[in-house]
Amino acid sequence: MTKKKIKADTVITSHINADFDAVASMLAAQKLYPDSVIIFPGTQEKNLKDFFISSMSYLFNMADPSLIDYSSVKRLVIVDTKQKNRLLGVEGLLEKNNIDIHIYDHHPPFKDDIRGSFELIHDSGATVTILSKLIREKKIKLTSEEATVMALGIYEDTGLFTYASTKQEDFKEAAYLLSCGANLDTIANLVVKEIRTEQVTWLNELLNEMVRHKINGVDVHISTISSPKYITDLASIVQKIVRMENLDVFFSIVLMDNKVNIIARNRLPDIDVGKVLTNFGGGGHSYAASAKLHNKTLAQVEQQLLKILKKNFKSYNIAARLMSSPAITINPDIKCMDAGRLMTQYNKNVLLIIKEHSQHPEGYITRQIIEKILHHKLEHVPVKEYMNAEIETVSMNVTLSQIEDIIIEKRQRIIPVTKDNVIKGVITKTDLLSFLVQYNKDIKKSDQGNINSTKEAKKRKINNIISSRLDTFHQELLKSLGNTGDNLGYKTYVVGGFVRDLLINRKIDDIDIVVEGDGITFAKKFAEINGLRTHAYKKFGTAVIIFGKGFKVDVASARHEYYETPAALPIVEMSSIKSDLFRRDFTINSFAICLNSDDYGTIIDFFGAHRDLKDEVIRILHNLSFVEDPTRIFRAIKFANRFNFKIGKVTSSLIKNAINIDCFKNLTGFRVLSELKQIFEEENPIPAIKSLQSYGLEKILHPELNIDNHTYKLFDEVYKVISWHDLLYTDEKYLRWSLYYMTLTKKCSFKVAEELCSRLQFPKKEITIILKNRLKAQRHLTILEKNLPLKNSQLYSLLSRFNTELILYMIASANTKNSKKAITHYFTKLKTIKTSIRGEDLLSMGLKPGPAFKQTLSAVLNATLDKEVKSKIDEKKYAAKYIKENKLIDS
């Protein structure tokens, strides 16, 4: 049954994820606009949900947006926001030409704000304060429940009247609402939130992951964490951290499900976090703001935030922080002895000189000059005679580097700071030096191992892990590499998988070195010192140090990569270790350990590698990662399978997006093949194959490639056969990956299999094994299974032409236990059997070289296999008999 449409002249709404102020403002607007309906945008705050649903929903004339007859709506009332992207369910109304829009808000303006035909915007502590004043002035009666809801909005948005944004009118309207019967017990229960056990966990997590960044003199703290589920009341946890740690500026970046949530708090008057978060589609106040992003990685959001902060804080009032205000100035005509007296009185070493009723500085004079003047009995001379008239002024937006340049490089002892051509204060050499001394103390403290350092990376010493988990050879090698870096003046790091595997105590295979300098020069120097060989790749600035016996060390210059087209090989430029690590595939591979002697064993983590290693999750560093290099999709699956990690939801979503836009179209088959081989070489690649199929990647290889339950049964058989083979300890090398590939393509037609080989650019030798010889092996397997039981010589004749890969493939593909047993018997017992007699033995019997040689030796081998002969003497007798019976020697 179709529900009847609701007709209404006025619709009231607010922003998504509504807080108490938004809910209170909608209720207040309902009082000012009788017969209106409210579209409730929803909330994720648990306290508000519980309160609203259980006790106060009856106060609101709410309507389902889908049931409203929008053609009848003449007025839209928006409260507690002006941003279109924060509204839900009223998009159609905003597009109507004849709609009357009324806006009530206390947020600062932004350039893309909705414009209303009527706007009442005031910087009070809460929007409901504005509406409460109108209700009070119009003498509209409120029930105690309505007054309680409205008061809640004021109490919460002013932080119980403790936020810097709190205004006099907030107190006044709260008093009015109390007089209307607002219940303080209800307010206290909802606003004064007791922290729960699970919230303590997240509070500690945010504290542990907190990093301090020094941005133009401002301490900005950032915590980046992830949670598999929604964290209730995250904003209140953030607020508690700000109070506990006495933070000026704090950003929490939290990945929940597949959304990144940013919550910001600020206590500095000249910083606007609301403006900062508009760059992420969020907003708020200068002191409190939030944003929510979809399909972004934590590392990417953090790096983007830092860039925006540096841009926005570039003009942060470092001048206001450093300058003395008001400026102590003197007239150019004042006597030098009076200037000296003023210096003593105000404890100043330099004074600014300006004319009366002027804001233009004439110059400045220092205490040293005044003392010399007085020494020479020139105390009655006006200061203008000896002042330094070369003086440069700055605006309030001056940067720290500009101040340093003027005072240190240009040796100007005092800088006038002006705003609108008015001198607001002065910055002296003493002011600057005091600031820099404190700043350097902070840096020194961070270098001594403080995790919450002023540096952007998290650092800690892991010398004990290195010494306990690496053998002597590897330890000495790392130190030797660091010494070469010291000699060349290069910062030297071991990076990536080596560090990852060291931390999780896995076998170390590869060593990748990155130097902040010329990687090729480094490699050649190390090789020269240690008598080794190198191979250089100038295009990429990389080199390989070759030790022998298959061991090597890869060396690269710290570099930044960019991709001219999706799936292309990267263009490489020299860069820093941070940029080098940011180009890597996943956060867990973005570790570095410093090898230089002064910082040996210090692990560096810029992008939350520790966090994701602990959480056992695979995450990329930026959301174009798979578009730029689609092979990372295969690597994500490989690492998730190898370590039994999960692929993060955002990362998984970006994999699907990359596949949907056909990111593989420009990727060479050789690169895809390389990644497939690595997956198939894993100890158990079957879960990875299932992941490949879950993303539809088998269809990327070939649209007619199908993986069904029978294929997975064969994969299981391959896994068992490989495990059995490896336990034989034969030390025989074989192409492990080929067994899984042949199984994958077993049901393909020859045409599809051939097209796959061409697409993946297999070498000819490998095509022979995986295609031509595989088909032969399958035919021989059919013959074997139809003719069992077989004599040993017959088995040998059927199977001896096949190498190890194909024998193992046949065991896995065999349909019966007897056929598996027969092939296994051949592989373990018959394969290595040889005859004792040789060609010279046949010559001594009078047999001439030729086809008869091979025929006779083959007959003797068959007899040996079938145990008809047991010794060389037996073989000779058998050979002589065979030659005679078959008349292989002319009479």
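Alanine 852 counts as buried, because its relative accessibility is 16%, where buried means under 20% relative accessible area, exposed over 50% and partly exposed in between, with a 1.4 Å probe and protein chains only. This alanine 852 is found in helix α37, residues 851–865; helices (H or I, at least four residues) and strands (E, at least two) are DSSP runs, numbered from the N terminus. The model is predicted, so that local features need pLDDT of at least 70 and side-chain atom pairs count only at pLDDT 80 or more, while totals for chains, interfaces and linings use all residues. Residues are numbered from 1 along each chain as its sequence is written, and side-chain values use heavy atoms, with hydrogens and water left out.

Leaving aside the neighbours within four places in sequence, alanine 852 is in contact (heavy atoms within 4.5 Å) with Leu847 and Leu888. Between alanine 852 and isoleucine 588 there are 264 residues in sequence and, from C-alpha to C-alpha, 65 Å in space.

We turn next to charged side chains. Side chains of opposite charge can pair when their charged atoms come close. A salt bridge is counted here when a side-chain nitrogen of Lys or Arg is within 4 Å of a carboxyl oxygen of Asp or Glu, and by this rule the count comes to 35 salt bridges. One of them joins arginine 583 to aspartate 580, at 3.2 Å from N to O, and both arginine 583 and aspartate 580 are buried. Another is formed by arginine 635 with aspartate 629, whose closest N and O atoms are 3.5 Å apart; here, too, arginine 635 and aspartate 629 are both buried.

Lysine 747 forms a salt bridge with aspartate 708, with 2.5 Å between the closest N and O atoms. This pair links distant parts of the chain, 39 residues apart, since lysine 747 is in the loop between α30 (736–744) and α31 (750–759), and aspartate 708 is in the loop between α28 (697–701) and α29 (709–726). Lysine 747 counts as exposed because its relative accessibility is 53%, whereas aspartate 708, at 29% relative accessibility, counts as partly exposed. Elsewhere, salt bridges that share partners join Asp585, Asp629, Arg635, Arg671 and Glu675 into one network.

The aromatic rings come next. A pair of aromatic rings is described by the distance of the centres and the angle of the planes. Rings of Phe, Tyr and Trp (its six-membered ring) pair if their centres lie within 6.5 Å, and planes under 30 degrees apart count as stacked, over 60 as edge-to-face and the rest as tilted. The structure holds 21 aromatic pairs, among them the stacked pair of phenylalanine 161 and phenylalanine 171, with 4.6 Å centre to centre and 20° between the planes. Because phenylalanine 161 lies in the loop between α5 (144–157) and α6 (168–179) and phenylalanine 171 in helix α6, the pair ties together parts that are 10 residues apart in sequence. The rings of phenylalanine 606 and phenylalanine 607 have centres 5.8 Å apart and planes at 40°, so this pair is tilted. Phenylalanine 606 counts as buried at 12% relative accessibility, and phenylalanine 607 is buried with a relative accessible area of 1%. Ring pairs also link Phe473, Phe526, Phe547 and Phe551 into a cluster.
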